[in-house]
Amino acid sequence: MAISTGDTVTIEYTGRLDDGSVFDTSLESVAEEEGLTEDQPDRDYQPLTVEIGSGRIIEGLEDGLVGMEAGEEDTVEIEPEQAYGEYTDDRVVEYGADEFAEMLGGREIEEGLEIQTEEGLPGEVVDADDETVTVDFNHELAGEALTFEVEVVAVE
C-alpha cells in the first residue's frame, strides 16, 4: 500500500548535510559512528512514527514519503524552502541588555545561551555586551539543503 496523507508511517532515517555529515538519525549505530551519541547521551534511538500531513516533520520529508511502500528504501533530497527555510536577517533580533536581562529573570546572559520565547520559538544569543543582546531565531539548519536516507518500516 503506497503512503498517502493521513497514513501513520514508521521510518528509519539518517539526515545528512551537503558535506555528507550526519545531523540526525534514528539508527544508534550511525549515531555512534558519527559521534552524535556524545551530544545526546540520554537519547533513545528508535524508528520514527508520524502521521503524514500532521506537520510533525519537515514538508520535504513528508512529500518524499508519499507514494513509498513498507519495506522500500529511498534517498530524499530537500531544498531549504521545504526544510527549515532560508536563513534571514529578519530573524536576528536585537534587545536592550537591561530589558533582555529582565525577561530572563536573572539568568546570566552569554553568547551561545539558548532561549525560548513565550510562543515557543527557540533562539540563540549570538552577541551580548553591556548595551545590547542579539538573538538569532533562525533554525540551526536554516538555509541548508538536506538529504534523508529513509527506510519505510511500516504503514498503517
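Visitor: What makes Val93 part of a strand?

Guide: Val93 lies in strand β5, where strands are DSSP runs of E with at least two residues, helices are runs of H or I with at least four residues, and both are numbered from the N terminus. This is a predicted model, in which local features need pLDDT of at least 70 and side-chain atom pairs count only at pLDDT 80 or more, while totals for chains, interfaces and linings use all residues. Residues are numbered from 1 along each chain as its sequence is written, and side-chain values use heavy atoms, with hydrogens and water left out.

Visitor: Why is Val93 called partly exposed?

Guide: Buried means under 20% relative accessible area and exposed means over 50%, with partly exposed in between, for a 1.4 Å probe and protein chains only. Val93 has a relative accessible area of 27%, and therefore counts as partly exposed.

Visitor: Why is Val133 called buried?

Guide: Val133, which lies in strand β8, has a relative accessible area of 1%, which is under 20%, so the word buried applies.

Visitor: Which residues is Val93 in contact with, leaving aside its neighbours within four places in sequence?

Guide: Contact means heavy atoms within 4.5 Å, and with those neighbours left aside Val93 is in contact with Val133, Thr134, Val135 and Phe137. Val133, with its own neighbours within four places left aside, has contacts that include Val93, Tyr95, Ala97, Phe100 and Val125. By contrast, Val93 and Gly71 are 22 residues apart in sequence and 45 Å apart in space, C-alpha to C-alpha.

Visitor: How do you know that the buried residues of α4 line one face of the helix?

Guide: Helix α4 covers residues 97-104, and its buried residues are Ala97, Phe100 and Leu104. Seen down the axis of α4, these residues fall within an arc of 65°, taken from the directions from the helix axis to the C-beta atoms, so they line one face. An α-helix has 3.6 residues a turn, so residues three or four places apart point the same way. The face of α4 turned away from the buried side carries the exposed residues Asp98 and Glu102. What covers the buried residues includes β5, β6, β7 and β8, and just after α4, Gly105 takes a positive phi of about 65°.

Visitor: What makes a group of residues a nonpolar core?

Guide: A nonpolar core is a set of buried Ala, Val, Leu, Ile, Met, Phe, Trp, Tyr and Cys residues joined through side-chain atoms within 4.5 Å. The largest such core here has 22 residues, and those with the most contacts inside it include Ile3, Ile11, Leu61 and Phe148. The elements giving two or more residues to this core are β1, β3, α3, β4 and β9, and its largest share, 5 residues, comes from β9. Leaving aside its neighbours within four places in sequence, Leu61 is in contact with Ile11, Ile78, Phe148 and Val150. A second, separate core of 10 residues includes Tyr95, Phe100, Leu104 and Phe137.

Visitor: How many residues of the chain count as positive or negative charges?

Guide: Lys and Arg count as positive and Asp and Glu as negative, while His and the chain ends are not counted. On that basis the chain has 5 positive and 48 negative charges, and their mean positions are 5 Å apart, the place of a charge being NZ of Lys, CZ of Arg, CG of Asp or CD of Glu.
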